[in-house]
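Have the sequence and the structure at hand.
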Number of protein chains: 2
Amino acid sequence: MKPTDILQVHELKKTNSRLALIKALQESTFPQSENEMKSRMSDQYDRITFYRNVQALEDAGVIHRIVVDSHTVKYALNCCETEKKHQHIHKHVHFNCKSCGKTFCLENTDIQQYRLPAGFQTEECEVMIKGYCKFCSQK
Amino acid sequence: MKPTDILQVHELKKTNSRLALIKALQESTFPQSENEMKSRMSDQYDRITFYRNVQALEDAGVIHRIVVDSHTVKYALNCCETEKKHQHIHKHVHFNCKSCGKTFCLENTDIQQYRLPAGFQTEECEVMIKGYCKFCSQK
DNA sequence: GTTTTAAATGAAACATTGTTTCAATAAAAA
DNA sequence: TTTTTATTGAAACAATGTTTCATTTAAAAC
Ligand SMILES: [Mn+2]
Ligand SMILES: [Mn+2]
Ligand SMILES: [Zn+2]
Ligand SMILES: [Zn+2]
């Protein structure tokens with residue numbers, strides 16, 4: 001799906017920064033940090049606008065934010081950017097490689113249900129696994 | 001166990017900052033942010049020393065660090081501060097309340113095993129659940 | 001196609017979190 | 001009590017994220 005169509009579907013204005021941001025993520029095979037996005041967006045990148053747009057795109061359900069650790073956030077497109085606000089948001093596990101630093105959306109590894117103590121109500125659950133990725137574990 | 005004994009067992013020097021840090025956590029019933037620690041440590045608090053000591057105490061296995069989100073880290077004592085470097089580290093789930101903001105170590109809710117795609121090797125797994133805590137869900 | 005309007009942008013200044021270097025200090029060993 | 005070595009705290013810095021406000025632009029109205 002073209003960046004302009006994604007924005008259309010989600011009723012967001014088609015601005016150059018947003019188109020560049022989405023394009024940068026579409027051209028990536030794994031989640032990207034702000035710095036990686038900056039390189040990919042070249043002159044279309046402005047820090048303040050970037051922060052505002054990742055917020056807007058996350059709220060709209062176009063992208064998701066992955067907190068790798070307290071100083072590292074990465075961004076990835078949602079699987080079904082197609083459907084407008086269709087909140088079925090495939091909740092998957094994230095993986096971060098201790099060797100190459102790459103982050104992966106393990107789209108087929110679903111988050112498990114946790115039975116919590118009495119009185120605790122789950123709304124969201126984030127699972128961040130750290131270890132060695134398929135490229136680094138072979139060494 | 002007294003703060004001074006904890007440091008003894010872990011072969012760490014008994015400095016005032018470290019004693020105050022451990023005492024502050026012992027007097028808390030749930031994980032604390034740096035700002036909360038600052039209040040509890042009063043004049044024994046110095047930002048730079050604090051950061052160095054949480055690092056040292058984490059490395060020694062006295063405390064653990066909980067990344068609630070990209071701008072919030074909290075600290076808690078490990079369950080068995082007693083045993084020297086005894087790395088059985090009860091890996092438990094963490095919970096953050098969207099209403100009161102409190103974080104909880106759900107010591108009895110173990111992290112589940114995830115079967116990952118071929119080639120991915122797990123070393124650590126962090127689970128952060130967000131929702132409403134036992135105090136806030138009753139409203 | 002031109003005008004209008006509301007949203008998005010980017011500059012500036014700020015806030016928070018965390019780190020590095022280095023001289024002074026304090027804990028523990030001799 | 002002296003010596004040794006780790007720890008401390010000041011200063012300066014770096015990275016990440018936010019707020020305010022005048023300017024620009026997308027999209028709607030005409
Ligand atoms: Mn993902
Ligand atoms: Mn915990
Ligand atoms: Zn790797
Ligand atoms: Zn609560």
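Q: Which residue of β5(B) stands opposite F95(B)?
A: In this predicted model, F104(B) of β5(B) stands opposite F95(B). The model is predicted, with local features needing pLDDT of at least 70 and side-chain atom pairs pLDDT 80 or more, while totals for chains, interfaces and linings use all residues. Residues count from 1 along each chain as its sequence is written, chains are lettered from A and ligands numbered from 1 in the order written, and side-chain values use heavy atoms, without hydrogens and water.

Q: Why are β4 and β5 of chain B called paired?
A: Two strands pair if DSSP finds at least two bridges between them. In their hairpin, with five residues between the strands, G101(B) takes a positive phi near 80°.

Q: What makes the contact of T15(B) with DNA strand D a polar one?
A: A polar contact is a pair of N or O atoms within 3.5 Å (within protein, one must be able to donate a hydrogen and the other to accept it, and residues adjacent in sequence count only if both atoms are side-chain atoms). An N or O atom in the T15(B) side chain is 2.6 Å from a phosphate oxygen of DNA strand D, so the pair qualifies. R18(B) has a polar side-chain atom 2.9 Å from a phosphate oxygen of DNA strand D, and for T49(B) the distance from a side-chain N or O atom to a phosphate oxygen is 3.1 Å.

Methods: Helix = DSSP H or I, 4+ residues; strand = E, 2+ residues; numbered from the N terminus.
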